[in-house]
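Here's a quick walk through one structure, with a look at how a few of its pieces sit against each other. Have the sequence and the 3D view open as you read.

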Amino acid sequence: PPALAAGMATLDELERPGTFDRLLITSQRVAAGIERILTTEQMAVQVPRVGTVFSILFANRSVRNYRDTLAADDERRRALDLALLERGIFVKPGKPFYLSTAHDERAVRETLVAFEEAVPDIT
């Protein structure tokens with residue numbers, strides 16, 4: 001089946017020397033940049049990350065479990081997601097962020113600029 005072939009091709013790509021490490025570094029840079037932008041604006045935000053996956057939760061305290069995520073400001077997150085979509089950054093509203101090996105330096109810069117521009121829409 002095509003889905004299985006695509007999954008196997010993805011695993012083959014990620015097993016190439018340095019590929020996953022670069023993806024991990026890129027994901028960490030984007031997540032840290034987003035966290036810096038939002039905290040500089042004095043927003044109560046948490047950017048939990050595991051490997052190459054991260055999320056944005058507008059919450060006053062550290063998120064340790066699912067129950068903690070329920071206290072996050074979903075309306076603010078919706079506003080952020082809409083502002084990003086309007087700026088050409090594809091997000092799945094309310095869902096975690098996943099980067100790929102296609103995210104190069106230019107994509108990282110464009111993403112962080114879009115986050116900076118989106119701040120007025122969510123404050």
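Leaving aside neighbours within four places in sequence, T26 is in contact with L99, H103 and V108. Keep in mind that what you're looking at is a predicted model. T26 itself lies in helix α2, which covers residues 19-40. Is T26 buried or exposed? With a relative accessibility of 13%, T26 counts as buried, because the cut-off for that is under 20%.

The axes of α2 and α5 come within 10 Å and cross at roughly 20 degrees. That angle is under 35 degrees, so α2 counts as roughly parallel to α5. The crossing itself is right-handed. On the α2 side, the contact is made by T26, R29, V30, G33, I34, R36, I37 and L38. Facing them from α5 are E105, V108, T111, L112, F115, E116, V119 and I122. Sort the residues of this contact by class and you get 9 nonpolar, 3 polar and 4 charged.

## The other partner of α5

Helix α5 (residues 105-122) also packs against helix α4 (residues 74-86), at an angle of about 135 degrees and with the axes 9 Å apart. That makes α4 oblique to α5. Here, too, the crossing is right-handed. From α4, the residues in the contact are R76, A79, L80, A83, L84 and E86. From α5, they are A114, F115, A118, D121 and I122. By class, the contact of α4 with α5 has 8 nonpolar and 3 charged residues, with no polar ones.

F115 is buried, with a relative accessible area of 1%.

## The aromatic rings

How many aromatic pairs does a search of the whole structure find? The search comes up with 2. A pair of aromatic rings is described by the distance of the centres and the angle of the planes. Here are both pairs:

| Pair | Centre to centre | Angle between planes | Type |
|---|---|---|---|
| F54 and F97 | 5.2 Å | 5 degrees | stacked |
| F97 and F115 | 6.4 Å | 55 degrees | tilted |

Each pair links distant parts of the chain. F54 is in strand β2 (residues 53-54) and F97 in strand β3 (residues 97-98), 43 residues apart. The other pair joins F97 in strand β3 to F115 in helix α5, 18 residues apart. Put together, the ring pairs link F54, F97 and F115 into a cluster.

S55 sits in the loop between β2 and α3 (66-69). Which residues does S55 touch, not counting those up to four places away in sequence? They are Q46, V47, P48, R77, P96 and F97, so F97 of the ring cluster is among its contacts. S55 is buried as well, with a relative accessible area of 14%.

Technical notes: Residues numbered from 1 in each chain as written. Predicted model: local features only at pLDDT ≥ 70, side-chain atom pairs only at ≥ 80, totals over all residues. Heavy atoms only, no water. Axes fitted to C-alpha atoms, helices over the stretch in contact; angles between N-to-C directions. Helix = DSSP H or I, 4+ residues; strand = E, 2+ residues; numbered from the N terminus. Parallel < 35°, antiparallel > 145°, perpendicular 65-115°, else oblique. Left-handed = near helix turned anticlockwise from the far one by under 90°. Contact = heavy atoms within 4.5 Å. Nonpolar A, V, L, I, M, F, W, Y, C, P; charged D, E, K, R; others polar. Phe/Tyr/Trp six-rings, centres within 6.5 Å; stacked < 30°, edge-to-face > 60°. Buried < 20%, exposed > 50% of the residue type's maximum accessible area, 1.4 Å probe, protein only.
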